[in-house]
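Dear colleague,

I am handing over the structure below and would be glad if you could look through it. My notes on what was found follow directly after it.

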Amino acid sequence: MTHPHDRALPRAVRQAMPMARDVLVEVAILHGVCIRPVPLRRLDIVTGKSEIIDVPCGAVLASKCPPCAKRNRQLRMAQCREGWHLDSEPTITPDESNEEQRWLIEFRADYQAQRDAAEKAGDDTAEIDAIITGLDEEINAAGMRGNILGRKTAKRSRSTRRRQDAPDLPKRKMTSTTLGRTFTSTDGKTYRPSLFVTLTLPSYGKVRDGVPIDPDTYDYRRAARDALHFPKLVDRFVQNLRRVAGYDVQYFAAVEPQKRLAPHLHMAIRGTLPRTEIKQIAAATYHQVWWPSTDDVRFDGDHLPIWQDGNGYLDPSTGELLPTWDEALDALDKDAEPLHVLRFGDQVDVQGVLAGTPDADQCIRYLSKYLTKSIGDSLGGGQAQCEHAARMVDALRYEPCSPSCPNWLRYGVQPKNAKAGMAPGRCRSKAHKSEHLGYAGRRVLVSRKWSNKTLAEHKQDRRTWVLEALGQAAEPTDPHRYVWRPVPAGDANVPPLAVRLLRTVAERQRWRAHLRELEARAVGSDLSATEETGRAA
Ligand SMILES: [Zn+2]
Ligand SMILES: [Zn+2]
């Protein structure tokens with residue numbers, strides 16, 4: 001056998017050998033092992049023993065390694081399948097919290113403390129905020145509802161003045177069900193039809209192969225604003241859909257990139273409506289963005305507002321304090337135009353789908369197709385598409401992404417929660433980044449009553465995965481026995497990543513062997529046990 005340290009071997013032969021480290025990662029991926037595990041310290045309060053345990057990145061972080069992303073996609077597909085054609089009303093009763101849920105909250109608590117400390121020290125909190133946003137998503141994914149801090153921002157008392165007009169649509173009397181109608185055929189069979197709807201944004205100019213034919217006339221500004229506010233338009237669509245349908249319509253939707261780099265929406269809807277009504281609702285749905293105007297660039301280049309402690313941002317030439325976010329909103333008079341109005345494009349696709357058909361399966365695969373990719377991930381584009389993406393990033397550079405975006409300074413308004421060190425063009429929110437191209441919202445949108453008894457199952461799947469990764473398969477433990485704490489970066493007690501991966505792969509192999517043993521024992525005696533272990537594996 002040839003040995004890579006054998007100096008007699010020609011250099012080219014040695015270099016053709018794969019790096020051991022790369023093969024390790026490859027093996028880890030084959031075993032479905034997380035390749036970017038997050039170390040957590042687990043304190044056993046019964047024995048007083050403390051140890052460091054790796055948790056899969058997919059359980060705590062928004063950006064997932066390939067095995068975690070794959071696992072996440074499978075769980076999402078299961079969740080989608082389970083709620084789509086539900087034939088009985090989901091009952092909503094909170095379960096008791098489990099260990100994974102508790103350590104997520106503890107992990108979140110630690111990051112809150114870190115964030116508070118950073119803010120107090122006047123440090124940039126963008127990175128911690130990004131982690132916190134991901135954690136909050138994981139807290140929901142682990143089966144906990146709502147935002148941990150409650151409503152993030154208090155609703156403005158005057159917002160009613162800018163009430164959105166209800167579009168002119170038919171309206172059915174509201175019933176309290178979440179289930180769609182059923183139809184009985186002449187031979188007595190009951191059908192429960194559902195819908196698969198695709199909604200796109202309007203045209204910003206002619207494209208060929210996802211790339212504008214004339215970049216100079218392509219409306220990048222509109223494209224950028226539409227992407228930034230897309231989640232609001234989806235909310236409006238759901239509100240209108242429920243009003244027209246006359247029942248509490250449930251949905252599972254995925255926001256995905258189109259080749260032209262605009263977000264679009266695939267939506268599995270429980271129950272059915274006439275195709276023409278869906279198209280009517282999409283056509284009538286719009287969202288108005290009531291933000292201050294950005295027509296007038298007041299500060300640019302070296303001429304930028306100056307921060308004054310205790311006061312806020314002021315104009316460097318006049319010393320005049322800039323209006324705060326709330327003041328700027330209050331100053332919008334009755335005749336003001338909205339900064340932006342969003343509508344869907346006229347390409348609306350509506351497909352009727354029956355439970356358990358190959359069509360339904362195909363839609364579910366479609367819904368999760370892009371879950372492992374971000375909006376700005378190259379969709380197979382070459383040079384032209386890179387340039388298109390770059391122009392999109394350019395259009396987003398000075399576009400305010402939220403009330404607290406530093407870009408407001410450019411237009412003479414203090415961002416909400418203004419603090420020292422803000423500068424237009426230097427917003428760190430992910431909406432401006434090339435991976436997101438304006439859309440910083442969630443990729444999967446699931447209504448609250450999509451599935452419930454099945455959500456418990458979904459949680460169980462996830463829990464099995466996490467426990468399996470922790471090497472503590474389904475062992476019943478006292479729920480209050482362990483306390484989890486994050487491990488600070490660079491902690492000397494955390495072994496190198498390669499060592500941890502090797503251990504996890506070994507753990508996984510032992511686990512598989514154990515399952516096979518259980519299966520072998522169960523054959524012939526109890527088929528359901530085989531099913532059980534088969535599913536867990
Ligand atoms: Zn991972
Ligand atoms: Zn921003």
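An open sheet of three strands runs in the order 2-1-16 with antiparallel pairing, where strands, like helices, are DSSP runs numbered from the N terminus (E, at least two residues, for strands; H or I, at least four, for helices), and two strands pair if DSSP finds at least two bridges between them. This is a predicted model, in which local features need pLDDT of at least 70 and side-chain atom pairs count only at pLDDT 80 or more, while totals for chains, interfaces and linings use all residues. Residues are numbered from 1 along each chain as its sequence is written, chains are lettered from A and ligands numbered from 1 in the order in which they are written, and side-chain values use heavy atoms, with hydrogens and water left out.

The edge strands of this sheet, each pairing on one side only, are strand 2 (50–55) and strand 16 (482–486). Strand 1 (residues 38–44) pairs with strand 2 in the antiparallel sense over six bridges, and Val 38 stands opposite Val 55 in strand 2.

Cys 57 counts as buried because its relative accessibility is 1%, with buried meaning under 20% relative accessible area, exposed over 50% and partly exposed in between (1.4 Å probe, protein chains only). Cys 68, at 2%, likewise counts as buried.

In helix 6, the buried residues are Ala 126, Ile 128, Ile 132, Gly 134, Leu 135, Asp 136, Glu 138 and Ile 139.

Finally, Gln 250 is found in the loop between helix 7 (220–245) and strand 8 (251–257), and at 1% relative accessibility Gln 250 counts as buried. Its side chain makes a polar contact with the side chain of Ser 447 (2.6 Å), a polar contact being a pair of N or O atoms within 3.5 Å, of which, within protein, one must be able to donate a hydrogen and the other to accept it, and residues adjacent in sequence count only if both atoms are side-chain atoms. A polar atom of the Gln 250 side chain also lies 2.8 Å from the backbone nitrogen of Lys 449.

With kind regards
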